[in-house]
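Visitor: Could you walk me through this one, a question at a time?

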Amino acid sequence: MFKSTNIGSPHFTRRAFLIAAGATAAAVAFELRKNIVYAAAPPKEVKIVQFTAAGQRGQVVTLPVVVKSDADWKSQLSPDAYEVTRRAGTEQPYSGQYWNLHDKGIYHCICCDIPLFNSDTKFESGTGWPSYWQPIAKENVRESNDLSLGVLRTAVNCRLCDAHLGHVFDDGPQPTGLRYCMNSVALKFAKLA
């Protein structure tokens with residue numbers, strides 16, 4: 001007579017359970033392995049577009065990547081800026097100093113001071129974070145996949161120092177249709193004269 005090996009059955013042995021669990025784990029690991037993106041070593045130098053104090057595009061320059069210890073970043077940044085830029089945190093909506101700023105100027109990285117966004121591309125997104133339809137220069141930011149909340153988002157970082165700035169979404173206005181939703185504490189505003 002055939003003996004049942006259902007899990008609820010008294011004939012389901014520990015060995016059968018371990019074999020089934022091992023096979024399931026191996027299948028899941030194999031499936032996950034196909035989705036892993038192997039990152040290259042971080043670059044030692046990057047190309048950045050410079051801008052004048054008046055916001056005019058300048059030269060493309062090659063600069064060494066800014067690398068500091070956690071202690072150095074903590075001494076340079078406020079606790080909120082450290083949490084966002086160095087640990088990929090997010091400030092509370094409507095809490096930052098730039099979400100409702102309408103002055104003309106350039107938004108720089110709080111960590112390394114490179115220009116990131118121009119107020120000419122800023123728009124009211126209704127989200128409580130400063131939002132732009134494009135960076136001041138694509139070369140000055142880096143985009144990467146972010147699965148930290150269990151959904152695929154596109155993180156935006158400063159290319160020179162790798163500070164986390166926020167995320168970009170495809171629900172912005174024309175001409176790009178993008179919404180670069182940034183954290184105020186990751187930015188430093190320089191008003192145009």
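What follows is a short chat about folds, rings and a pocket.

Guide: First, the ground rules: this is a predicted model, where local features need pLDDT of at least 70, side-chain atom pairs count only at pLDDT 80 or more, and totals for chains, interfaces and linings use all residues. Residues are numbered from 1 along each chain as its sequence is written, and side-chain values use heavy atoms, with hydrogens and water left out.

Visitor: What pattern does the protein follow along the sequence?
Guide: Helices (H or I, at least four residues) and strands (E, at least two) are DSSP runs, numbered from the N terminus. The protein has three helices and eleven strands. Read along the sequence, they give α-β-β-α-α-β-β-β-β-β-β-β-β-β.

Visitor: How much of the protein do buried residues make up?
Guide: Buried means under 20% relative accessible area, with exposed over 50% and partly exposed in between (1.4 Å probe, protein chains only). Of the 193 residues, the buried share is 37%.

Visitor: Which residues of H3 are buried?
Guide: The cover over them includes helix H2 (70–76) and E9, going by contact, meaning heavy atoms within 4.5 Å. The buried residues of H3 are Ala81, Tyr82, Val84 and Thr85.

Visitor: On to the rings: is the pair of Tyr94 and Trp99 stacked or edge-to-face?
Guide: Rings of Phe, Tyr and Trp (its six-membered ring) pair if their centres lie within 6.5 Å; planes under 30 degrees apart count as stacked, over 60 as edge-to-face and the rest as tilted. That rule gives seven aromatic pairs. For Tyr94 and Trp99, the centres are 4.8 Å apart and the planes make 85 degrees, so by the cut-offs the pair is edge-to-face.

Visitor: How many residues apart in sequence are the parts that Tyr107 and Phe189 tie together?
Guide: These two rings form a tilted pair, 4.7 Å centre to centre with 50 degrees between the planes. Tyr107 is buried at 0% relative accessible area, and Phe189 counts as buried at 17%. Because Tyr107 lies in strand E3 (residues 105–109) and Phe189 in strand E11 (residues 187–191), the parts tied together are 82 residues apart.

Visitor: Which residues do ring pairs link into a cluster?
Guide: Tyr107 and Phe189 turn up again here. The cluster is Tyr98, Tyr107, Phe117, Tyr132, Tyr180 and Phe189.

Visitor: How far from the ring centre of Trp73 is the charged end of Arg86?
Guide: A charge sits over a ring if NZ of Lys or CZ of Arg is within 6 Å of the ring centre and within 35 degrees of the ring normal. Lys68 lies over the face of Trp73 at 4.9 Å from the ring centre. For the charged end of Arg86, the distance is 4.0 Å.

Visitor: Which element gives the most to the lining of the second largest pocket?
Guide: A pocket is an open set of points on a 1 Å grid over the protein atoms alone, where a 1.4 Å probe fits, with protein on both sides within 12 Å along at least five of seven lines; lining residues have an atom within 4 Å of a point. This one holds about 270 Å³, and among its 17 lining residues the closest to the centre are Ala88, Asp146, Ala155, Asn157 and His164. Two or more residues each come from helix H3 (79–87), strand E7 (141–146), strand E8 (153–158) and strand E9 (164–169). With four residues, the top contributor is E7.

Definitions and conventions
Grid points are joined across faces, edges and corners, and a volume is the space filled by probe spheres set on the points.
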